[in-house]
Amino acid sequence: MAKAKRQMQEDIKLIDVVVELVDARIPFSSKNPDIDGIAKGKSRVILLNKADMADPAVTALWKARYEKDGFFTALVNSRSGNGVKTVEEIILKACAEKIERDLKRGIKNRPVRAMIVGIPNVGKSTFINSLAGKAIAKTGNKPGVTKGKQWIRLNKNVELLDTPGILWPKFESVECGKRLSWIGSINDDILVPEEMATDLLNYITANYPDMIRGKYDVAESLPDDGPGALLARIAEKRGCLKKGGVPDYTRAANLVLDDFRSVRIGRISLERPEEA
Ligand SMILES: Nc1nc2c(ncn2[C@@H]2O[C@H](COP(=O)(O)OP(=O)(O)O)[C@@H](O)[C@H]2O)c(=O)[nH]1
Ligand SMILES: [Mg+2]
(Lines give C-alpha, C1' and ligand atoms only; values in the text may rest on other atoms or scores of the structure.)
(Ligands and ions follow the chains in the order given, each with its own letter.)
Protein backbone atom coordinates (compact mmCIF):
# COMPACT_ATOMS: atom_id res chain seq x y z
CA MET A 1 0.00 0.00 0.00
CA ALA A 2 2.95 2.34 0.58
CA LYS A 3 3.75 2.15 -3.14
CA ALA A 4 0.14 2.78 -4.13
CA LYS A 5 0.09 5.77 -1.82
CA ARG A 6 3.27 7.23 -3.31
CA GLN A 7 1.91 6.73 -6.82
CA MET A 8 -1.27 8.52 -5.86
CA GLN A 9 0.64 11.42 -4.33
CA GLU A 10 2.46 11.78 -7.67
CA ASP A 11 -0.70 11.49 -9.76
CA ILE A 12 -2.61 13.95 -7.63
CA LYS A 13 -0.15 16.70 -8.59
CA LEU A 14 -1.43 16.40 -12.17
CA ILE A 15 -5.11 16.81 -11.46
CA ASP A 16 -7.63 19.45 -10.44
CA VAL A 17 -10.31 17.36 -8.83
CA VAL A 18 -10.41 14.12 -6.85
CA VAL A 19 -13.55 12.06 -7.49
CA GLU A 20 -13.86 9.57 -4.66
CA LEU A 21 -16.22 6.64 -5.00
CA VAL A 22 -17.73 5.28 -1.82
CA ASP A 23 -20.18 2.42 -1.42
CA ALA A 24 -23.61 3.91 -0.72
CA ARG A 25 -24.33 1.12 1.78
CA ILE A 26 -21.31 2.17 3.90
CA PRO A 27 -20.39 5.75 2.92
CA PHE A 28 -18.24 6.13 6.04
CA SER A 29 -16.51 2.75 6.29
CA SER A 30 -15.70 2.69 2.57
CA LYS A 31 -14.20 6.18 2.68
CA ASN A 32 -10.47 6.25 3.12
CA PRO A 33 -9.39 8.53 5.96
CA ASP A 34 -6.00 9.47 4.47
CA ILE A 35 -7.33 10.83 1.20
CA ASP A 36 -8.22 14.14 2.84
CA GLY A 37 -4.53 14.72 3.51
CA ILE A 38 -3.35 13.45 0.12
CA ALA A 39 -5.97 15.51 -1.75
CA LYS A 40 -5.38 18.71 0.18
CA GLY A 41 -6.07 21.79 -1.94
CA LYS A 42 -7.89 19.86 -4.68
CA SER A 43 -11.56 20.14 -5.49
CA ARG A 44 -13.45 17.19 -4.09
CA VAL A 45 -16.35 15.10 -5.31
CA ILE A 46 -17.86 12.13 -3.50
CA LEU A 47 -19.94 9.71 -5.52
CA LEU A 48 -22.25 7.43 -3.57
CA ASN A 49 -21.94 4.48 -5.92
CA LYS A 50 -24.08 1.32 -5.85
CA ALA A 51 -26.91 3.60 -4.74
CA ASP A 52 -29.24 0.96 -6.20
CA MET A 53 -28.25 -1.40 -3.38
CA ALA A 54 -28.69 1.01 -0.47
CA ASP A 55 -31.72 2.33 1.41
CA PRO A 56 -32.66 5.53 -0.50
CA ALA A 57 -33.79 7.37 2.65
CA VAL A 58 -30.47 6.78 4.39
CA THR A 59 -28.51 7.60 1.22
CA ALA A 60 -30.25 10.99 1.11
CA LEU A 61 -29.01 11.66 4.67
CA TRP A 62 -25.45 10.79 3.65
CA LYS A 63 -25.63 13.05 0.62
CA ALA A 64 -26.75 15.95 2.79
CA ARG A 65 -24.04 15.18 5.34
CA TYR A 66 -21.19 15.17 2.82
CA GLU A 67 -22.49 18.33 1.18
CA LYS A 68 -22.55 19.99 4.57
CA ASP A 69 -18.92 18.91 4.94
CA GLY A 70 -18.08 20.78 1.72
CA PHE A 71 -18.04 17.98 -0.86
CA PHE A 72 -19.84 17.97 -4.18
CA THR A 73 -21.84 14.76 -4.36
CA ALA A 74 -23.99 12.56 -6.57
CA LEU A 75 -25.80 9.25 -6.29
CA VAL A 76 -24.65 6.81 -8.92
CA ASN A 77 -25.45 3.35 -10.20
CA SER A 78 -22.44 2.67 -12.39
CA ARG A 79 -23.77 -0.68 -13.48
CA SER A 80 -26.95 0.70 -15.06
CA GLY A 81 -25.54 4.15 -15.74
CA ASN A 82 -28.10 5.89 -13.55
CA GLY A 83 -26.76 9.22 -12.33
CA VAL A 84 -23.51 8.91 -14.31
CA LYS A 85 -24.50 11.65 -16.76
CA THR A 86 -24.76 14.25 -13.98
CA VAL A 87 -21.18 13.65 -12.88
CA GLU A 88 -19.53 15.81 -15.53
CA GLU A 89 -21.64 18.75 -14.43
CA ILE A 90 -20.73 18.12 -10.80
CA ILE A 91 -17.03 17.93 -11.66
CA LEU A 92 -17.31 21.31 -13.41
CA LYS A 93 -19.17 22.80 -10.45
CA ALA A 94 -16.48 21.53 -8.10
CA CYS A 95 -13.86 23.21 -10.31
CA ALA A 96 -15.75 26.47 -10.84
CA GLU A 97 -13.16 28.55 -9.00
CA LYS A 98 -10.28 27.13 -10.97
CA ILE A 99 -12.10 27.66 -14.28
CA GLU A 100 -12.79 31.24 -13.23
CA ARG A 101 -9.11 31.77 -12.33
CA ASP A 102 -8.01 30.36 -15.70
CA LEU A 103 -10.36 32.70 -17.53
CA LYS A 104 -9.01 35.72 -15.66
CA ARG A 105 -5.53 34.74 -16.75
CA GLY A 106 -6.73 34.43 -20.32
CA ILE A 107 -6.59 30.63 -20.34
CA LYS A 108 -9.57 29.31 -22.26
CA ASN A 109 -10.72 25.81 -23.09
CA ARG A 110 -8.32 24.03 -20.78
CA PRO A 111 -10.13 20.90 -19.66
CA VAL A 112 -10.21 20.14 -15.95
CA ARG A 113 -8.35 17.00 -15.03
CA ALA A 114 -10.00 14.48 -12.75
CA MET A 115 -8.88 11.32 -11.02
CA ILE A 116 -11.11 8.54 -9.73
CA VAL A 117 -10.14 7.04 -6.39
CA GLY A 118 -11.68 4.46 -4.07
CA ILE A 119 -11.19 1.22 -2.19
CA PRO A 120 -11.13 -2.08 -4.11
CA ASN A 121 -14.45 -3.29 -5.49
CA VAL A 122 -16.26 -0.01 -4.96
CA GLY A 123 -16.93 0.23 -8.71
CA LYS A 124 -14.12 2.41 -10.08
CA SER A 125 -13.64 0.49 -13.34
CA THR A 126 -17.36 0.12 -13.92
CA PHE A 127 -17.83 3.83 -13.32
CA ILE A 128 -15.00 4.88 -15.64
CA ASN A 129 -16.38 2.65 -18.39
CA SER A 130 -19.85 4.03 -17.90
CA LEU A 131 -18.70 7.64 -17.85
CA ALA A 132 -16.31 7.37 -20.76
CA GLY A 133 -18.50 4.97 -22.71
CA LYS A 134 -17.68 4.82 -26.38
CA ALA A 135 -15.72 8.03 -26.20
CA ILE A 136 -12.96 6.11 -24.46
CA ALA A 137 -10.40 7.76 -26.68
CA LYS A 138 -7.15 7.80 -24.82
CA THR A 139 -4.86 10.74 -25.15
CA GLY A 140 -1.44 11.30 -23.70
CA ASN A 141 0.45 8.30 -25.00
CA LYS A 142 1.14 9.96 -28.31
CA PRO A 143 4.11 8.72 -30.33
CA GLY A 144 7.27 10.06 -28.83
CA VAL A 145 5.68 10.59 -25.43
CA THR A 146 6.70 7.36 -23.80
CA LYS A 147 6.21 8.07 -20.15
CA GLY A 148 3.08 10.19 -20.51
CA LYS A 149 0.06 9.45 -18.42
CA GLN A 150 -2.99 8.06 -20.14
CA TRP A 151 -5.87 10.49 -20.16
CA ILE A 152 -9.39 9.81 -21.24
CA ARG A 153 -10.84 12.88 -22.88
CA LEU A 154 -14.54 12.93 -22.02
CA ASN A 155 -15.15 16.09 -24.03
CA LYS A 156 -13.67 19.56 -24.31
CA ASN A 157 -14.33 20.22 -20.62
CA VAL A 158 -13.06 17.19 -18.74
CA GLU A 159 -10.18 14.75 -18.89
CA LEU A 160 -9.89 11.69 -16.72
CA LEU A 161 -6.75 9.89 -15.61
CA ASP A 162 -7.39 6.41 -16.96
CA THR A 163 -5.98 4.49 -13.99
CA PRO A 164 -7.95 4.98 -10.81
CA GLY A 165 -6.22 5.43 -7.48
CA ILE A 166 -6.71 2.46 -5.21
CA LEU A 167 -7.27 3.34 -1.60
CA TRP A 168 -7.01 0.96 1.33
CA PRO A 169 -10.18 0.35 3.29
CA LYS A 170 -10.74 1.71 6.73
CA PHE A 171 -10.34 -0.57 9.71
CA GLU A 172 -10.74 2.11 12.30
CA SER A 173 -13.12 0.02 14.34
CA VAL A 174 -14.47 -3.49 14.59
CA GLU A 175 -17.75 -2.14 13.21
CA CYS A 176 -16.09 -0.73 10.08
CA GLY A 177 -14.38 -4.07 9.51
CA LYS A 178 -17.65 -5.96 9.87
CA ARG A 179 -19.48 -3.75 7.41
CA LEU A 180 -16.69 -4.09 4.87
CA SER A 181 -16.85 -7.86 5.27
CA TRP A 182 -20.62 -7.92 4.79
CA ILE A 183 -20.41 -6.17 1.44
CA GLY A 184 -17.59 -8.54 0.41
CA SER A 185 -14.71 -6.07 0.50
CA ILE A 186 -12.53 -8.26 2.68
CA ASN A 187 -11.18 -11.55 1.45
CA ASP A 188 -13.78 -14.09 2.57
CA ASP A 189 -11.18 -16.81 3.14
CA ILE A 190 -10.03 -15.30 6.41
CA LEU A 191 -13.54 -14.84 7.79
CA VAL A 192 -16.02 -17.10 9.50
CA PRO A 193 -19.28 -17.01 7.51
CA GLU A 194 -21.43 -18.09 10.48
CA GLU A 195 -20.21 -15.14 12.53
CA MET A 196 -20.58 -12.69 9.66
CA ALA A 197 -24.09 -13.87 8.81
CA THR A 198 -25.20 -13.92 12.44
CA ASP A 199 -24.01 -10.34 12.96
CA LEU A 200 -25.56 -9.24 9.68
CA LEU A 201 -28.90 -10.86 10.52
CA ASN A 202 -28.75 -9.19 13.90
CA TYR A 203 -28.28 -5.81 12.22
CA ILE A 204 -31.00 -6.34 9.61
CA THR A 205 -33.45 -7.67 12.19
CA ALA A 206 -32.93 -4.53 14.27
CA ASN A 207 -33.14 -2.09 11.35
CA TYR A 208 -35.19 -3.76 8.61
CA PRO A 209 -37.24 -6.47 10.40
CA ASP A 210 -39.89 -6.72 7.70
CA MET A 211 -37.31 -7.57 5.09
CA ILE A 212 -36.12 -10.58 7.10
CA ARG A 213 -39.67 -11.76 7.72
CA GLY A 214 -40.60 -11.34 4.08
CA LYS A 215 -37.53 -12.99 2.70
CA TYR A 216 -37.17 -16.00 4.97
CA ASP A 217 -40.68 -16.57 6.24
CA VAL A 218 -39.47 -16.68 9.84
CA ALA A 219 -41.93 -14.31 11.51
CA GLU A 220 -42.24 -16.52 14.55
CA SER A 221 -38.49 -16.30 15.19
CA LEU A 222 -38.42 -12.52 15.37
CA PRO A 223 -37.18 -10.84 17.36
CA ASP A 224 -36.92 -12.55 20.73
CA ASP A 225 -35.25 -15.89 20.18
CA GLY A 226 -32.05 -14.30 18.95
CA PRO A 227 -29.92 -14.19 15.83
CA GLY A 228 -28.22 -17.56 16.32
CA ALA A 229 -31.65 -19.12 16.40
CA LEU A 230 -32.56 -17.15 13.31
CA LEU A 231 -29.72 -18.67 11.28
CA ALA A 232 -30.86 -22.12 12.40
CA ARG A 233 -34.42 -21.34 11.30
CA ILE A 234 -33.19 -20.12 7.92
CA ALA A 235 -31.12 -23.31 7.52
CA GLU A 236 -34.22 -25.34 8.22
CA LYS A 237 -36.52 -23.33 5.95
CA ARG A 238 -34.03 -23.44 3.10
CA GLY A 239 -33.12 -27.09 3.53
CA CYS A 240 -29.52 -26.37 4.50
CA LEU A 241 -29.16 -29.55 6.49
CA LYS A 242 -26.41 -32.04 7.05
CA LYS A 243 -26.85 -35.76 7.49
CA GLY A 244 -29.24 -36.52 10.31
CA GLY A 245 -31.10 -33.24 9.83
CA VAL A 246 -28.51 -31.14 11.66
CA PRO A 247 -28.55 -27.49 10.45
CA ASP A 248 -25.68 -26.72 8.09
CA TYR A 249 -24.81 -23.29 9.48
CA THR A 250 -22.01 -22.64 7.02
CA ARG A 251 -24.25 -23.20 4.03
CA ALA A 252 -27.06 -21.15 5.53
CA ALA A 253 -24.62 -18.35 6.36
CA ASN A 254 -23.26 -18.25 2.82
CA LEU A 255 -26.79 -18.21 1.48
CA VAL A 256 -27.67 -15.21 3.66
CA LEU A 257 -24.49 -13.33 2.70
CA ASP A 258 -25.14 -14.07 -0.95
CA ASP A 259 -28.76 -12.92 -0.67
CA PHE A 260 -27.60 -9.70 0.98
CA ARG A 261 -24.90 -8.98 -1.60
CA SER A 262 -27.30 -9.63 -4.47
CA VAL A 263 -29.91 -7.27 -2.93
CA ARG A 264 -32.36 -10.18 -2.61
CA ILE A 265 -33.15 -9.25 1.00
CA GLY A 266 -33.73 -5.63 0.05
CA ARG A 267 -32.03 -2.28 -0.26
CA ILE A 268 -30.15 -2.03 2.99
CA SER A 269 -27.86 0.67 4.35
CA LEU A 270 -25.39 -0.50 6.96
CA GLU A 271 -24.56 2.79 8.63
CA ARG A 272 -26.14 6.19 9.21
CA PRO A 273 -24.45 9.59 9.29
CA GLU A 274 -25.44 10.33 12.88
CA GLU A 275 -23.30 7.38 14.09
CA ALA A 276 -20.24 8.35 12.10
N1 LIG B 1 -25.35 -2.97 -8.27
C2 LIG B 1 -24.26 -2.27 -8.61
N3 LIG B 1 -23.12 -2.92 -8.85
C4 LIG B 1 -22.02 -2.21 -9.18
C5 LIG B 1 -22.07 -0.80 -9.29
N6 LIG B 1 -20.82 -0.37 -9.63
C7 LIG B 1 -20.05 -1.46 -9.72
N8 LIG B 1 -20.76 -2.59 -9.46
C9 LIG B 1 -20.26 -3.97 -9.40
O10 LIG B 1 -19.27 -4.03 -8.37
C11 LIG B 1 -18.23 -4.94 -8.72
C12 LIG B 1 -16.88 -4.27 -8.61
O13 LIG B 1 -16.78 -3.25 -9.61
P14 LIG B 1 -15.38 -2.77 -10.22
O15 LIG B 1 -15.68 -1.70 -11.19
O16 LIG B 1 -14.57 -3.93 -10.68
O17 LIG B 1 -14.68 -2.16 -8.90
P18 LIG B 1 -13.19 -1.55 -8.74
O19 LIG B 1 -12.38 -2.60 -8.04
O20 LIG B 1 -13.36 -0.35 -7.86
O21 LIG B 1 -12.68 -1.21 -10.10
C22 LIG B 1 -18.58 -5.43 -10.13
O23 LIG B 1 -19.24 -6.68 -9.99
C24 LIG B 1 -19.53 -4.38 -10.67
O25 LIG B 1 -20.44 -4.87 -11.63
C26 LIG B 1 -23.31 -0.13 -9.03
O27 LIG B 1 -23.43 1.11 -9.05
N28 LIG B 1 -24.36 -0.93 -8.69
MG1 LIG C 1 -10.99 -1.95 -11.12
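The legends below describe close-up views of a predicted model.

Figure 1. The secondary structure of the chain consists of 11 helices and eight strands. Along the principal axes, the C-alpha atoms fill a box of roughly 75 × 40 × 35 Å. Of the 276 residues in the chain, 36% are buried. When contacts between residues at least 6 apart in sequence are considered, 65% of them join residues at least 24 apart. The domain assignment places residues 2-166 in domain 1 and residues 187-275 in domain 2.

**Figure 2. Contact between domain 1 and domain 2.** The C-alpha centres of the two domains are 35 Å apart. Contact between them involves 13 residues of domain 1 and eight residues of domain 2. On the domain 1 side, the touching residues are eight nonpolar, two polar and three charged.

**Figure 3. The largest nonpolar core.** This core has 44 residues, and the most contacts inside it belong to Val17, Val19, Leu47, Leu48, Val76, Ile91 and Ala114. Strands that give two or more residues to the core are β1 (17-23), β2 (43-49), β3 (72-75), β4 (112-118) and β7 (158-161). Helices that do so are α3 (56-68), α4 (86-94) and α6. Another core, of 25 residues, lies apart from this one and includes Leu200, Ile204, Ile212 and Leu257. In soluble globular proteins, nonpolar side chains tend to be buried together.

**Figure 4. Val17 and its contacts.** Val17 is among the residues with the most contacts inside the largest nonpolar core. With residues up to four places away in sequence not counted, Val17 touches Lys42, Ser43, Val45, Ile91, Ala94, Cys95, Val112 and Ala114. Two of these partners, Ile91 and Ala114, are also listed with Val17 for their contacts inside the core.

**Figure 5. Leu47 in strand β2.** Leu47 is placed in strand β2. The residue counts as buried because 30 other C-beta atoms lie within 10 Å of its own, and 20 or more are required. Beyond its neighbours within four places in sequence, Leu47 is in contact with Val19, Leu21, Ala74, Val76 and Val87. The C-alpha atom of Leu47 is separated by 5.9 Å from that of Leu75, a residue 28 places away along the chain.

**Figure 6. Helix α5 and the residue after it.** Helix α5, residues 96-104, is hardly covered. The count of buried residues among its nine residues is zero. Gly106 follows α5 and has a positive phi, near 80°.

**Figure 7. Crossing of helices α8 and α9.** Helix α8 covers residues 193-207 and helix α9 covers residues 209-216. Their axes come within 5 Å and cross at roughly 115°. From α8, the contact is made by Leu201, Ile204 and Thr205, and from α9 by Pro209, Met211 and Ile212. These residues divide into five nonpolar, one polar and no charged. Ile204 and Ile212 also belong to the core of 25 residues.

Definitions and conventions. Residues are numbered from 1 along each chain as its sequence is written. Chains are lettered from A and ligands numbered from 1 in the order in which they are written. This is a predicted model: local features need pLDDT of at least 70, side-chain atom pairs count only at pLDDT 80 or more; totals for chains, interfaces and linings use all residues. Domain bounds come from an automatic or database domain assignment. Two residues are in contact if their C-beta atoms, placed from the backbone, lie within 7 Å. Ala, Val, Leu, Ile, Met, Phe, Trp, Tyr, Cys and Pro count as nonpolar, Asp, Glu, Lys and Arg as charged, and the others, Gly among them, as polar. A nonpolar core is a set of buried Ala, Val, Leu, Ile, Met, Phe, Trp, Tyr and Cys residues joined through C-beta atoms within 7 Å. A residue is buried if 20 or more other C-beta atoms lie within 10 Å of its own, exposed if 12 or fewer, and partly exposed in between; C-beta atoms are placed from the backbone. Helices (H or I, at least four residues) and strands (E, at least two) are DSSP runs, numbered from the N terminus. Axes are lines fitted to C-alpha atoms, for helices over the stretch in contact, and angles run from 0 to 180 degrees between N-to-C directions.
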